[in-house]
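Me: Please give me a close look at one part of this model. Pick a pocket and take it slowly, since I'm new to this.

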Amino acid sequence: MNRYIAFGVTILVGLIASLYFAWMGGIANVSDAEPNLLREDFRADYALMVAEAFQTNTDVEEAVAHLAFLDAESAITPVEEAIDFGQEAGFSDSDLALLDNLADALVVFNPDFAPTPTP
Amino acid sequence: MIKPPERRPPFYLVTGLIIGALIGFLSAWVFPAVAVDVSPASLSAEHKETYRLLVALSYAASGDLGRAQARLTLIEDGDPVRALASQAQVALTNNSTQREARALASLAADLDAVIEAQQATQVAVNTPNPDEQGEISTPFTTGAEEATYFLDNQELICESSQTPPMIKLFVFDPNHNAQAGVRITVSSLEEIEEFVTGSKPEFGPGYADYVLTPGQQYTLSINGVEMLGGLQAAACETDAGEPAWGAWLMLFNAAE
């Protein structure tokens, strides 16, 4: 009986070890990730880049097109997330103002972008 | 005579490990791991291009080269200048992406200039002047008083969140040798500070620096000639993403 238990344990060890190396190796070598998988700070910085570009060309449609890269529910979502992140991470006032400005422009462009008020 | 039972090596354990490993690799192939919280370096080539374009467009808007450089580092291009230039060339072929092409090309050119300036500074600081070898460099033995200078390059470098806002300047003579003893004056509404290059020989004979007070505007003069006005402390972001005060790195060359 002990032999059967030991046999089962070695199968389990082999399974866990191979899954670990296969999954971890796969994650470490990711080279075709989708933008929606970007880490929160990179997403926030991307939204900030869109806001910086918007500052000079004030082209909302272009900003919406660039924000679609992040594959969020709506164009304003990554901007609001970036504002929240920026406030926590200590973005400068000028950067936060750029993001606020873009968020306002998005709502004016399409009122559906306005965040749903919580009851 | 009873023969003792033969002890065989536990091959079944090895078999168990192999079976487990095979099942594991098969499972990982059928259900591959999904990466989350990736960096821009993990994006596909197509998405990296979009990211690079946004870096260029935001640089075109803000003019903040330090920030653009930090962002490009995240993509981990082997040669960011070449990547930008190649993308600019592709964009140039399409009429609807001329603005993007200009933004990409502009960032490529500015980044190239900065990298070249950094390399030139490194070489200039580390290469001893054959004429000066064997002499001890002293600040007041150069005859730099008669020379006139021009600003060859200026950039904001973001080294550490611990360093104060600064001016770091290097002065070179007409032969591109670092030049000690050049009189620098930094003035604001509240103070006037005068110093000479070469007082910190560990950074090279042509080096001088000055700590700025945030909110103040400064004017920089060399040998009494005003070179630059409206100079201010500037905030930046380090490669690690920390907010920091930047150092204005300036290269001045003597006119021939």
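Reply: Start with α3(B), which gives the most to the lining of the largest pocket, with seven residues. Helices (H or I, at least four residues) and strands (E, at least two) are DSSP runs, numbered from the N terminus. Keep in mind that this is a predicted model, where local features need pLDDT of at least 70 and side-chain atom pairs count only at pLDDT 80 or more, while totals for chains, interfaces and linings use all residues. Residues count from 1 along each chain as its sequence is written, chains are lettered from A and ligands numbered from 1 in the order written, and side-chain values use heavy atoms, without hydrogens or water.

Who else joins in? At least two lining residues each come from α2 (40-57), α4 (76-89) and α5 (93-109) of chain A, and from α3 (65-75), β1 (149-157), β8 (235-237) and β9 (243-245) of chain B.

The pocket's volume is about 950 Å³, meaning the space filled by probe spheres set on grid points joined across faces, edges and corners. A pocket here is an open set of points on a 1 Å grid over the protein atoms alone, where a 1.4 Å probe fits, with protein on both sides within 12 Å along at least five of seven lines; a lining residue has an atom within 4 Å of a point. There are 41 such residues, and the closest to the centre are A:Leu48, A:Asp95, B:Arg67, B:Cys236 and B:Glu237. By class, the lining has 18 nonpolar, twelve polar and eleven charged residues (Ala, Val, Leu, Ile, Met, Phe, Trp, Tyr, Cys and Pro are nonpolar, Asp, Glu, Lys and Arg charged, the others, Gly among them, polar).

Now follow β1 of chain B, one of the lining strands, away from the pocket. In chain B, an open four-strand sheet runs in the order β1-β10-β2-β5, with mixed pairing (strands pair if DSSP finds at least two bridges between them). Its edge strands are β1 and β5 (207-211), each pairing on one side only. Neighbours in this sheet are turned by 20° against each other on average, direction ignored.

Chain B has another open sheet, with four strands in the order β4-β3-β6-β7 and antiparallel pairing. There β4 (192-196) and β7 (225-231) each have a single partner strand, so one side of each is left without a neighbour in the sheet.

Definitions and conventions. Axes fitted to C-alpha atoms, helices over the stretch in contact; angles between N-to-C directions.
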